[in-house]
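Me: I've got this one open and want a quick walk through it. Can you take my questions as they come?

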Amino acid sequence: MSESSFEPIEEKLYWNRYLVDAGRPHIRVRRHLSPSASLRALTKICPANCYSFDDAGQVKVVTDGCLECGTCRVLCEATGEIDWNYPRGGFGILFKFG
Amino acid sequence: MSRERFDAIVVGAGMSGNAAAYTMASRGLKVLQLERGEYPGSKNVQGAILYANMLEGIVPNFRDDAPLERHLVEQRLWIMDDTSHSGMHYRSHDFNEQRANRYTIVRVQFDKWFAGKVREAGGTILCETTATKLARDCSGNVIGVHTDRAGRPILADVVVLAEGVNGVLGTRMGLRDMPKSQNVALAVKEMHFLPEHVIAERFGLTGDQGCVIEALGTISRGMAGLGFLYTNRDSISLGIGCLVSGLAESMESPHTVLNGFKCHPSIKPLLAGSEVKEYAAHLIPEGGFRAIPELHGEGWVVVGDAAQLNNAVHREGSNLAMTSGQIAGEAICTIKNQGRLMTKDNLSLYKSMLDKSFVIKDLIKHKDVPALLHTNSQSLFSTYPKLLSQAAQSFVRVEGSTKIEKEKAAIDAFIKARSRWGLVSDAVRIARAWR
């Protein structure tokens, strides 16, 4: 294990290989007044920390570090709060070990 | 893509997809496999343990060239609280057999190998291609798939959906429901690299022997969850999975939960000095028998994780995936050879063959376990592990109190935490679910 046992998530993502589809995020958060409990949960439980609050208190997503696990889809696609897709073929996370 | 037509399209190049594609291609069917990753395996995540018997049924001589890490000689099950672990170790020299029963593998390498077998058998694999929609005829029968490549849909007699637990085709096209948050676990995993001899020394292994630790208790912070440590040749797969419903309710960050497991005094020394090279996350189907969707329809079948074919109790998934893929492939070949159409009625052959296999029989046996884990996670994963640890510590420490006093204190602690009635009803529920 490296020096610190508590690497910030950004450092963990740096271990990974990605091919980012610039300008074409595969997940979008729909506009909302106040985030639901499920949407708020994503700011904590997304394993790549893709979700956060913006200044207006809305939940936003940055998909560059996405691990394509689908947790956010399971919680928030059916409620219509997010628009979810896999990245285009070849793009996104490219696991070396898996 | 030209207008050539395939006997079968397999969506996905994981365990179930490769097994299905290989089975059909090696029996002479014209098979197209679609994979959204840059290469087969690049989107796939698993612990990972390979059960040899099921693969042997598909590729009998796989040991000649498959990338296997270590064959398992020791299994540890640890029940943990914050500072201790107690549990069971099973180690046997019998596992040092010529054709070992279980191996650790690294999925990306393994999947590349398995996909190579599909190509050798004559299957075509199209990578960097995401299947976006099923193509249907005017009666609603599935006749192929649309992809994110420009052009018309690719046509086939049957589509095998091997798209994983989070597959979009089946759920968007109404063939099955989206997995519910209490029926899927989110697992996060790190790959820790260490020299081969260091791993061997730390776990008491020689040659390519391997060891597995599976751990439950307060490491999952009251959520239904399981930690794991698998020894590969020169790396350790370390991870922990918790039900998504538990994470959403507790708002626990999975990478913080993993860090806690990693820093547990029983785990930390096993990883000391390692270099981490990857951080992965993946959903695991945990709903069991009751979550299995319709398995076949007009022109399609669903296999593997997409069909929720995972045995959470025994931590078996890839073998169920492989076997379901193989059975689907065999059923399709049989129907094809009889000159019949890939209708829902005819494809019921897949379901009846699967029902007769260990896949469905095992899932039926444990059909009540998922609900038990979901509704009793706090006592099963926090209260009982703590009590067990206290009792074990009290038993081991020698400080002058009598053994009778110690036993009484341990029993009183269990009763205080769960009440007599609670203990009995927990025992009955667990016994029933296990039956």
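**Chain A, then chain B**

Reply: Of the 98 residues in chain A, 55% count as buried. Keep in mind that this is a predicted model.

Me: What pattern does chain A follow along the sequence?

Reply: It reads α-β-β-α-β-β-α-β-β. That gives 3 helices and 6 strands in chain A.

Me: And what box do its C-alpha atoms fill?

Reply: Roughly 40 × 35 × 25 Å, along the principal axes.

Me: How much of the contact in chain A comes from residues 24 or more positions apart?

Reply: They account for 65% of the chain A contacts with a separation of 6 or more.

Me: Backbone next. Which residue of chain A has a positive phi although it is not a glycine?

Reply: Asn49(A) does, with phi at about 55 degrees. Most residues other than glycine have a negative phi.

Me: Where does Asn49(A) lie?

Reply: In the loop between helix H2 (37-45) and strand S3 (51-53) of chain A. Asn49(A) is partly exposed, with a relative accessible area of 35%.

Me: Over to chain B. What is phi of Arg221(B)?

Reply: Near 55 degrees, a positive value in a residue other than glycine. Arg221(B) sits in the loop between S12 and S13 of chain B. At 36% relative accessibility, Arg221(B) counts as partly exposed.

Me: Where is the cis peptide bond at Ala48(B)?

Reply: It joins Gly47(B) and Ala48(B), with omega about 15 degrees. Most peptide bonds are trans. Ala48(B) lies in the loop between strand S2 (31-34) and strand S3 (49-51) of chain B.

Me: Is Glu214(B) buried or exposed?

Reply: Buried, because its relative accessibility is 3% and the cut-off for buried is under 20%.

Me: What polar contact joins the side chain of Glu214(B) to another?

Reply: One of 2.6 Å, to the side chain of Arg315(B).

Me: And which residues is Glu214(B) in contact with, leaving aside neighbours within four places in sequence?

Reply: Gln75(B), Arg76(B), Leu77(B) and Trp78(B) are among them.

Me: Let's do H5 of chain B. Which of its residues are buried?

Reply: Val198(B), Ile199(B), Ala200(B) and Phe203(B), in a helix that runs over residues 196-203.

Me: What covers them?

Reply: The cover includes strands S4 (71-80), S5 (85-91), S12, S13 (225-231) and S14 (235-243) of chain B. Helix H8 (268-271) of chain B is also included.

Me: What follows H5(B)?

Reply: Gly204(B), whose phi is positive, near 65 degrees.

Me: How far apart are Ala200(B) and Glu298(B)?

Reply: They are 52 Å apart, C-alpha to C-alpha, and 98 residues apart in sequence.

Me: Helix packing. At what angle do H9 and H11 of chain B cross?

Reply: Roughly 135 degrees, with the axes of H9 (residues 318-337) and H11 (residues 358-365) coming within 9 Å. That angle makes H9(B) oblique to H11(B).

Me: Which residues make the contact?

Reply: H9(B) brings Asn319(B), Leu320(B) and Thr323(B). H11(B) brings Phe358(B), Val359(B) and Leu363(B). By class, that contact has 4 nonpolar, 2 polar and no charged residues.

Me: Last topic, cysteines. How many disulfides over all chains?

Reply: The count comes to 0.

How values were computed. Residues are numbered from 1 along each chain as its sequence is written. Chains are lettered from A and ligands numbered from 1 in the order in which they are written. This is a predicted model: local features need pLDDT of at least 70, side-chain atom pairs count only at pLDDT 80 or more; totals for chains, interfaces and linings use all residues. Side-chain values use heavy atoms; hydrogens and water are left out. Axes are lines fitted to C-alpha atoms, for helices over the stretch in contact, and angles run from 0 to 180 degrees between N-to-C directions. Helices (H or I, at least four residues) and strands (E, at least two) are DSSP runs, numbered from the N terminus. Angles under 35 degrees count as roughly parallel, over 145 as roughly antiparallel, 65 to 115 as roughly perpendicular and the rest as oblique. Contact means heavy atoms within 4.5 Å. Ala, Val, Leu, Ile, Met, Phe, Trp, Tyr, Cys and Pro count as nonpolar, Asp, Glu, Lys and Arg as charged, and the others, Gly among them, as polar. A disulfide is a pair of cysteine sulfur atoms within 2.5 Å. Buried means under 20% relative accessible area, exposed over 50%, partly exposed in between (1.4 Å probe, protein chains only). A polar contact is a pair of N or O atoms within 3.5 Å; within protein, one must be able to donate a hydrogen and the other to accept it, and residues adjacent in sequence count only if both atoms are side-chain atoms.
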